Amino acid sequence: MAELIDGREIARQINAAVKENILKIRSSAGRPPRLVSLIAGGGEDAEIYVNMQKRTAGLVGVEFSTRTLGADISQDGLAEEIEKLNSDRDVTAIIVQKPLPEGIDHATAVSRIMPEKDAEGLHPHNLGRLLRRDADIVPCTPGAVMKMLRVRGIDLYGKEVVIIGHSAIVGKPLSLMMLNEMATTTVCHIATAKKGKLQAHAKGADVLVVAVGKPEMVRGDWIAEGAVVIDVGINRVGDRIVGDVKFSEAAEKASLITPVPGGVGPVTVSILMRNVLRAYRNQNVGV
Ligand code: NAD
């Protein structure tokens with residue numbers, strides 16, 4: 001039976017360290033770190049994420065506010081709002097909340113944030129730094145996955161890492177971070193599934209990361225004995241939240257596994273706060 005990787009406990013540790021570092025900088029910086037979450041259109045999912053951000057910001061000493069725009073905002077209108085936040089000295093970090101209204105591109109919006117204030121590590125400048133292995137502000141969910149593996153002492157050197165999902169916010173940046181740790185990295189996606197090759201890839205994984213958005217898609221017989229399983233998925237099924245992995249079956253095969261909820265999710269929000277700290281620190285060098 002697999003051991004759990006407790007995301008809530010890891011998040012508590014990150015939060016404590018972030019809080020301590022913010023306090024140290026604040027005494028000389030004069031102004032606090034301030035994160036602004038830009039929301040366009042709103043919706044239930046955006047509200048859940050924003051509430052988690054607000055709660056964690058409060059815990060670590062980050063001032064948090066939202067700026068809510070109508071669902072009819074244009075791409076240019078959103079860029080103008082971002083520009084205002086870029087030039088506001090009291091705003092130290094910005095996040096553009098997903099989901100955005102139809103027709104508004106998240107990556108385009110994020111590219112308008114000053115890289116120094118990019119709380120999610122998704123600006124092309126910060127993504128480019130990942131390639132050079134000198135990233136400071138990193139994409140939050142991939143950063144959370146790497147942190148969880150590090151805390152549990154998983155040495156990735158030469159390991160077979162299989163990532164299912166190749167999104168710009170999870171799978172792609174995570175693949176670079178895995179390569180930076182010298183893992184042999186395979187990225188699977190919908191085309192892998194359509195060719196009927198997903199299960200065979202998954203079975204070869206020492207570390208399997210799943211970020212697809214399909215409730216309990218990965219079954220126990222996809223998993224090698226003793227593998228580490230990281231489930232990034234968050235899916236609402238009736239009144240339950242489940243991952244992309246069928247937990248009860250996977251836990252029979254894996255050596256370590258993340259639960260959903262209480263796994264990658266809370267750590268992701270803490271890595272966001274770690275990014276806010278780093279942005280704040282970078283903006284206060286020599287103060
Ligand atoms: P996305 O929709 O942008 O990308 C989905 C990926 O899965 C794509 O690469 C697609 O090709 C692949 N895919 C789709 N169907 C597939 C199939 N049948 N077989 C194999 N691959 C398939 O998703 P995303 O934004 O990366 O999110 C993925 C999941 O992770 C969602 O459940 C989301 O809620 C969750 N998520 C969690 C966190 C967190 O903090 N824990 C953060 C971001 C996303």
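How many of the 12 residues of α6 are buried? Nine is the count: 9 of 12, so defined as under 20% relative accessible area with a 1.4 Å probe and protein chains only.

Some ground rules. This is a predicted model, where local features need pLDDT of at least 70, side-chain atom pairs count only at pLDDT 80 or more, and totals for chains, interfaces and linings use all residues. Numbering runs from 1 along each chain as its sequence is written, and side-chain values use heavy atoms, with hydrogens and water left out.

Back to α6, residues 140-151. Helices here are DSSP runs of H or I, at least four residues; strands are E, at least two; both are numbered from the N terminus. Cys140, Met146 and Leu149 are among the buried residues. The buried residues pack against α1, α7, β7, β8 and α11, with contact meaning heavy atoms within 4.5 Å. Just after α6, Gly153 has a positive phi of about 70°.

Next, polar contacts, N or O pairs within 3.5 Å. A backbone N or O atom of Val232 lies 3.3 Å from a ligand nitrogen. A polar backbone atom of Ile234 is 3.1 Å from a ligand oxygen. For Thr268, a polar side-chain atom lies 3.0 Å from a ligand oxygen.

Definitions and conventions. A polar contact is a pair of N or O atoms within 3.5 Å; within protein, one must be able to donate a hydrogen and the other to accept it, and residues adjacent in sequence count only if both atoms are side-chain atoms. The expected span of a helix is 1.5 Å times one less than its number of residues. Buried means under 20% relative accessible area, exposed over 50%, partly exposed in between (1.4 Å probe, protein chains only).
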